[in-house]
Amino acid sequence: MVEISIALAVIICLAIAVFVGVICFIIAFKAGAAHRQKIAEAEIGSAETEAKRILESAEKDAETKKKEALLEAKDEIHRLRTEADRDIKSRRVEISRQERRIDQKEETLDKKAENLEKKEEKLSEKIKEAEQKLEEAEVIKKSQIDMLEKLSGLSVEEAKRQLLATLDDDLAYEKSQRITANEQQIRNDCDDKAKELISLAISRYAAEHVAEATVSVVPLPNDEMKGRIIGREGRNIRAIETLTGVDLIIDDTPEAITLSCFDPVRREIARQTLERLIADGRIHPTRIEETVEKCRREIEQKMKNEGERAILETDVHGVHYEIVKLLGRLCYRTSYGQNVLNHSIEVAQIAGMMASELGVDAAMARRAGLLHDIGKALNHEIEGSHVEIGVDVCRKFKEPKEVLHAIEAHHNDVEPTTVIACLIQAADAISAARPGARRENLESFIKRLEKLEEIATSFEGVEKSYAIQAGREIRIVVKPEVIDDQKMPLIARNIVQKIESELSYPGQIKVNIIRESRAVDYAK
């Protein structure tokens, strides 16, 4: 019981202490709050006083600034009004000046209008007078035409036709005179220079005129050799024909065998094979095969050597080795009996000389001349003309554009547009037209002459025509009563144009027109 009472007393003491602490805290809190309130009220009072002071100061400043703004606004208004008055005065002065100018212009326009009206009246009077005079002139013209028709016995249309016919004759005469004058001027300017260049080139390169033809006949030491070449049951001749691709013609010709083949390379291989077999005496299929192979290798080496010789002889550099081999094959190609490789070398040399004289690239001219017929080395193996083949081959091996154009234009397949192309044409014609350079088929030669005479006699007024000098000149006799001296240059030009368009020929053809009047009588 005593412990309980002690504990209760302690608890009561603690509760009283807590209660007293709480009451002290409350009293202290209220005292602090009252103190803070007093401080805040004092600060609020001072703030209100300061605010009032600031408001009063702001009102005074605002009043002052308002007065200053009013004064500035009044000054600005006064300035603007002054400037506006000044501008208005200047505009009024300008407007008054423009009004005076407009009035002056109106007066001037009124005067001009009055003058124009007066001129129109005068013009209308003159037009009426002109119309009257024109009517009178028409009447007079009609009466004069009627009178002329009665006097001449011709109508207006007939007179026009006669006048036009006379005018046509005068124009034909004038045209022929101009043609003659122009031709003479061209001859004077170009003929001497062209002859000088061509003759100089020809004289500097004097090659052989006649090229050696490919041999197609093999001589035999005796007729007994024919039997040995044929062999037992024809095995030797069959072996030769099979290996070479050449037909052997063994006939009654004494001591000779004829080789027939369109390919000159194969024909040359067969010829050399036969010559070696005949010289060796051992003729049998094995020996034939060995000899053919050996001859084929030698011919290929010879073609390569010939191509290199052509390159060195013409001083052309940088040629592809395949083109060199093709050039060598031209050694066994002929055109109308002329060796194509020698012809190409000759064209290259002549073109290079003429190019040097003209100041053109001589090396390019020689290159184009050497390669202009390169297509003939392949023309039986590839379809197309030798011009097309040559252009394709040279384009494949990156030849210059000037060379390609010269090859393409040397037979006028395209129009030549460079000096080198024209030089190649001229050099090609010079090389082919040399006496004895080419042989021509007799039948085609006669047909060309007949066609030349036929073209000449097809023109009105031509009496006779004669192709002379192997077709390089044609003499035409005209009827003097139909063709006069003024029309001769014109008909010569027309005949030349027709020959150029319808006839193919080497070189050039001279057209010589002859007109003569003869009077024949007999004394009895």
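**A buried glutamate between two helices**

Glu399 lies in the loop that connects helix H10 (386-396) with helix H11 (401-409). The model described here is a predicted one. With a relative accessible area of 8%, Glu399 counts as buried, because the term applies to values under 20%.

Which residues does Glu399 touch, leaving aside those up to four places away in sequence? The contacts are Ile323, Arg367, Leu371, Cys394 and Leu404.

**The sheet E1-E3-E2**

Three strands make up an open sheet in the order E1-E3-E2, and their pairing is antiparallel. From one strand to the next, the twist averages 30°.

E1 and strand E3 (residues 256-260) run antiparallel and are joined by three bridges. Within this pair, Val217 is placed opposite Thr258 of E3. Helix H5 (residues 264-280) packs on the sheet and touches E1, E2 and E3. The direction of helix H5 makes about 10° with that of E1.

**The sheet E6-E7-E8**

Another open sheet is formed by three strands in the order E6-E7-E8, here with mixed pairing. The edges are held by strand E6 (462-468) and strand E8 (510-514); each of them has a single partner strand, so one side of each remains without a neighbour in the sheet. The twist averages 20° from one strand to the next.

In general, the strands of a sheet pair through backbone hydrogen bonds, in either a parallel or an antiparallel manner. E6 and strand E7 (residues 473-478) are paired in the antiparallel sense, over six bridges. Lys464 stands opposite Val477, a residue of E7. Helix H14 (residues 488-502) packs on this sheet, where it touches E6, E7 and E8. Between the direction of helix H14 and that of E8 the angle is about 145°.

**A nonpolar surface patch**

Which residues form the nonpolar patch on the surface? The members are Leu8, Ile11, Ile12, Ile16, Phe19, Val20, Ile23 and Ile27. Together they have about 770 Å² of accessible area. One of them, Ile12, is found in helix H1, which spans residues 2-152.

Note on methods
Residues numbered from 1 in each chain as written. Predicted model: local features only at pLDDT ≥ 70, side-chain atom pairs only at ≥ 80, totals over all residues. Heavy atoms only, no water. Patch = residues over 30% accessible without salt bridge, like charges linked within 9 Å, V, L, I, M, F, W, Y side chains within 5 Å. Areas by Shrake-Rupley, 256 points an atom, 1.4 Å probe, with all protein chains shown as cover. Salt bridge = Lys/Arg side-chain N within 4 Å of Asp/Glu carboxyl O. Helix = DSSP H or I, 4+ residues; strand = E, 2+ residues; numbered from the N terminus. Pairing = 2+ DSSP bridges. Axes fitted to C-alpha atoms, helices over the stretch in contact; angles between N-to-C directions. Contact = heavy atoms within 4.5 Å. Buried < 20%, exposed > 50% of the residue type's maximum accessible area, 1.4 Å probe, protein only.
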